[in-house]
Amino acid sequence: MRAKRNRNRTFPPIATVGNGPVDTAAVRRDRQKWTVVAMASGVAERNVAPVGTDLLTVGVEEEFLLVDPHTGRAVPAVDLVMEQVPAELRGQVEREFQTSQIEIGSPPGLELSSIRHSLGVLRAALADAAERAGVRVLAIGTGPVDGPVPAVVDKPRFDRMIERFRLLVPGPGNNGMHVHVGVPDPETGVQVLNHVRPWLPILQAVTANSPFARGEDTGYASWRSVEWERWPSVAPTPFLASHEHYQRLIRQLIATGVMLDEGMLYWYARLSAKYPTVEIRIGDVCPSAEDAVLVAALVRALVATAMTDIGAGRPPINTDHHLLVAAHWRAAHDGLEGEGVDVTDGELRPTWELLDRLVDRLRPELERHGDLAEVTDLLGGLRRHGSGAARQRAVYARTGRLVDVVEDVARQTRAERG
């Protein structure tokens, strides 16, 4: 049964988010700032959510791998790189789980141009900081070159994770992309989760960007997805009856020991613990800022379409859990260039056909947000150049050298056009 909307409920204070505990007063301040972009170094301050608009804000988090510039091996250099990040941008740059990883977060925006500009500034600044630290930064799902596994960042919470889950850190670092889209209240957010869950395997295929690991082709377009699923709380979002059901599941999962806290709720879509948003977290980090902008636009349109359907009383597709698991596996295996699962009938179809159908479904909201022309252009580029996984394999097919793959990914990471 579809949960009733409750516009009067607000997001409650949350004690944990992301990589560790958060001061609830700081969380409230962050929510107040959610409507304001405030970045230096050429990123203009602007109001991104004018009073009275019904357009949705979107923001992007990206995780990157730090590697040796000569060998391409992952290196434990996050502290060195953080020291080189310009002071005015440090509020948008964070450590991640392993010492070979680093993360950026764009301010939320209404316009794709502001998201592109923010990601471009942050990526370029991070690449420059890495170069000054003697390493290179890669927008890649996982490291392609074999080498020692970098240590986990020294934080009490991470220590507890390792103590409980032991050898679940499988490689050089798994790097994803998370897209946040604003929603008015938790009850609506939960209904949005129900509506978007069937379509996420298609977006996972679009982002596939990790075909190589341990020095060889894994046979998967997104090996990061395979490694990520070792964590026991990684799964498609369940079909939820209400926000209370959502909260109850979190309490139960924590009680079982499968999660330390809400920050370990690794469903492919969830309510953010920090912001009043739905957080979509199924993808590899995209190789270029252009790719990331495309995914952000599609995710926002997907959430907006869900909200339109909710308002019109149209029920979500209650896809069987195991069929969704199969669809996500197929997306990780084939990526964009192969076949995907049509969750409406369980049949295999070319992933591009499924993506074209999804874009048609999202077209009204892409138009309403002013994104259709740009998304059409970006999709054309994706057709010409292929997914991140296809681009990596194309470089390797030409040269037979993973260091050349690393070089090409580094070029795309800096938003340089080939």
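Guide: Start with helix α5 (residues 186-196) and helix α9 (residues 289-311), which pack at an angle of about 110° with their axes 9 Å apart. This is a predicted model.

Visitor: How do α9 and helix α11 pack?
Guide: α9 and helix α11 (residues 351-368) pack at about 75°, with axes 8 Å apart. That makes α9 roughly perpendicular to α11. On the α9 side, the contact includes Ala-297, Leu-298, Ala-301 and Leu-302. On the α11 side, Leu-355, Leu-358, Val-359 and Arg-361 are among them.

Visitor: How many charged residues are in the contact of α9 with α11?
Guide: Four. The others are ten nonpolar and two polar.

Visitor: New pair. What angle do α6 and α10 make?
Guide: About 15°, between helix α6 (residues 200-207) and helix α10 (residues 321-334). Their axes are 8 Å apart. That makes α6 roughly parallel to α10. The α6 and α10 crossing is right-handed.

Visitor: What meets what between α6 and α10?
Guide: Leu-200, Pro-201, Gln-204 and Ala-205 in α6 meet Leu-324, Ala-327, His-328, Ala-331 and Ala-332 in α10. The α6 and α10 contact has seven nonpolar residues, two polar and no charged ones.

Visitor: Let's switch to α14. How far apart are its end C-alpha atoms?
Guide: 16 Å. Helix α14 (residues 402-413) has twelve residues, and at 1.5 Å a residue they should span 16 Å, so the two agree.

Visitor: Which residues of α14 are buried?
Guide: Leu-402, Val-405, Val-406, Asp-408, Val-409, Ala-410, Gln-412 and Thr-413. The buried residues of α14 pack against several elements, including β5 (58-67), α3 (112-132) and α13 (388-399).

Visitor: And what comes just after α14?
Guide: Ala-415, with a positive phi of about 70°.

Visitor: What about loops? Where is Pro-287?
Guide: In the loop between β13 and α9. Ser-288 has its place in the loop between β13 (277-284) and α9 too.

Visitor: Is Pro-287 buried or exposed?
Guide: Buried, because its relative accessibility is 4%. Ser-288 counts as buried as well, at 13%. The cut-off is under 20%.

Visitor: What does Ser-288 touch?
Guide: Arg-123, Arg-391 and Gln-412, leaving out residues up to four places away in sequence.

Visitor: And which residues is Pro-287 in contact with?
Guide: Beyond its neighbours within four places in sequence, Arg-123, Ala-139, Asn-209, Gly-388, Arg-391, Gln-412 and Thr-413. Pro-287 also lies 9.2 Å from Ala-389, C-alpha to C-alpha, though they are 102 residues apart in sequence.

Visitor: Now the overall picture. How many helices and strands are in the chain?
Guide: 14 helices and 15 strands. The chain has 418 residues, and 59% of them count as buried.

Visitor: What share of contacts comes from residues 24 or more positions apart?
Guide: 75% of the contacts with a separation of 6 or more.

Note on methods: Residues are numbered from 1 along each chain as its sequence is written. This is a predicted model: local features need pLDDT of at least 70, side-chain atom pairs count only at pLDDT 80 or more; totals for chains, interfaces and linings use all residues. Side-chain values use heavy atoms; hydrogens and water are left out. Axes are lines fitted to C-alpha atoms, for helices over the stretch in contact, and angles run from 0 to 180 degrees between N-to-C directions. Helices (H or I, at least four residues) and strands (E, at least two) are DSSP runs, numbered from the N terminus. Angles under 35 degrees count as roughly parallel, over 145 as roughly antiparallel, 65 to 115 as roughly perpendicular and the rest as oblique. A crossing is left-handed if the near helix is turned anticlockwise from the far one by less than a right angle, and right-handed if clockwise. Contact means heavy atoms within 4.5 Å. Ala, Val, Leu, Ile, Met, Phe, Trp, Tyr, Cys and Pro count as nonpolar, Asp, Glu, Lys and Arg as charged, and the others, Gly among them, as polar. The expected span of a helix is 1.5 Å times one less than its number of residues. Buried means under 20% relative accessible area, exposed over 50%, partly exposed in between (1.4 Å probe, protein chains only).
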